[in-house]
Amino acid sequence: MGRLSKINVIFFVSCLSIGMALSMQAKQHLESYTPVTLKSIQVSKNDIAALNGEIGEMKELVEKKKKELSLVKSVDKGNKSIEELLTEEVSDAKAQSGYTDMEGPGIVIKMRDNQDKEIVGYSVDYDIIHDVDILNIFNDLRSAGAEAISINGQRIMSTSEIKCGGPIIRVNGKSVGTPFVIKAIGDPKLLYAAINAPNSYAYNLKNVFKIEVESRIEDSVEIPAYSKDVDYKFAKPEKEGE
């Protein structure tokens, strides 16, 4: 074998060794990575959402403790008595739970069935106001930031039932009929837009089905307190820290 042939053999063996070494190293690196799948992405999203939820709960707890600490400091400084602070807390709790009268800027909406002689649509049902119409308007008002809502003097809460009963609607166990007067406290401009914006539910009721929907902004809207007792048969408050 000539000198040139020996050099070629040595070069070939060297290249082969280097190639095998690089291949093994690349394989080791590949084994250290976990393949990304749609399922793993969804699991990661769920984990992130759960963590964000826990962070939100912790922030609420921190704010609650800050408020409690502020109350203790206020008593310690002699600014307010414990009785005054407890009275304020009870008043705040009653306001948030709906058990106190509320007053503030907002809008007043008056609704009546279609009064035209000509029936709109294929059935007379299209010309009268149903519970679903009231519910959709309530949802639009809540989405616009309504802080308190009532209909014909009945305060609307999360536990309020709204059901059709022929020409009337039952709210909080009481029967109310047209005209339906809905009052809402909140940012008047946002509430008014939620009712009168093109393609909103109330806008379509008025312009398509000819249901009378009148709304006006008022500087002072009064909404009564919720008058019924809430009886929780299954739900129980969790103890703090659980």
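**View 1. Ser200 in the loop between helix H5 (188-196) and helix H6 (201-207).** In this predicted model, local features need pLDDT of at least 70 and side-chain atom pairs count only at pLDDT 80 or more, while totals for chains, interfaces and linings use all residues. Residues are numbered from 1 along each chain as its sequence is written, and side-chain values use heavy atoms, with hydrogens and water left out. Helices (H or I, at least four residues) and strands (E, at least two) are DSSP runs numbered from the N terminus. Ser200 is buried, with a relative accessible area of 13% (buried: under 20%, 1.4 Å probe, protein chains only).

**View 2. Surroundings of the Ser200 side chain.** The side chain of Ser200 reaches the backbone oxygen of Ala197 at 2.7 Å. Leaving aside residues up to four places away in sequence, Ser200 touches Ala194 and Ile195 (contact: heavy atoms within 4.5 Å).

**View 3. An open sheet of 3 strands in the order S4-S5-S6.** Its pairing is antiparallel (two strands pair if DSSP finds at least two bridges between them). Strand S4 (162-165) and strand S6 (174-176) form the edges, each pairing on one side only. From one strand to the next, the twist averages 35°.

**View 4. Pairing of S4 with strand S5 (residues 168-171), and helix H4 (residues 131-143) on the sheet.** S4 and S5 pair in the antiparallel sense over 4 bridges; Val171 in S5 is the bridge partner of Ile162. Helix H4 touches S4 and S5, and its direction makes about 155° with that of S4 (axes are lines fitted to C-alpha atoms, for helices over the stretch in contact, and angles run from 0 to 180 degrees between N-to-C directions).

Conventions:
Buried means under 20% relative accessible area, exposed over 50%, partly exposed in between (1.4 Å probe, protein chains only). A polar contact is a pair of N or O atoms within 3.5 Å; within protein, one must be able to donate a hydrogen and the other to accept it, and residues adjacent in sequence count only if both atoms are side-chain atoms.
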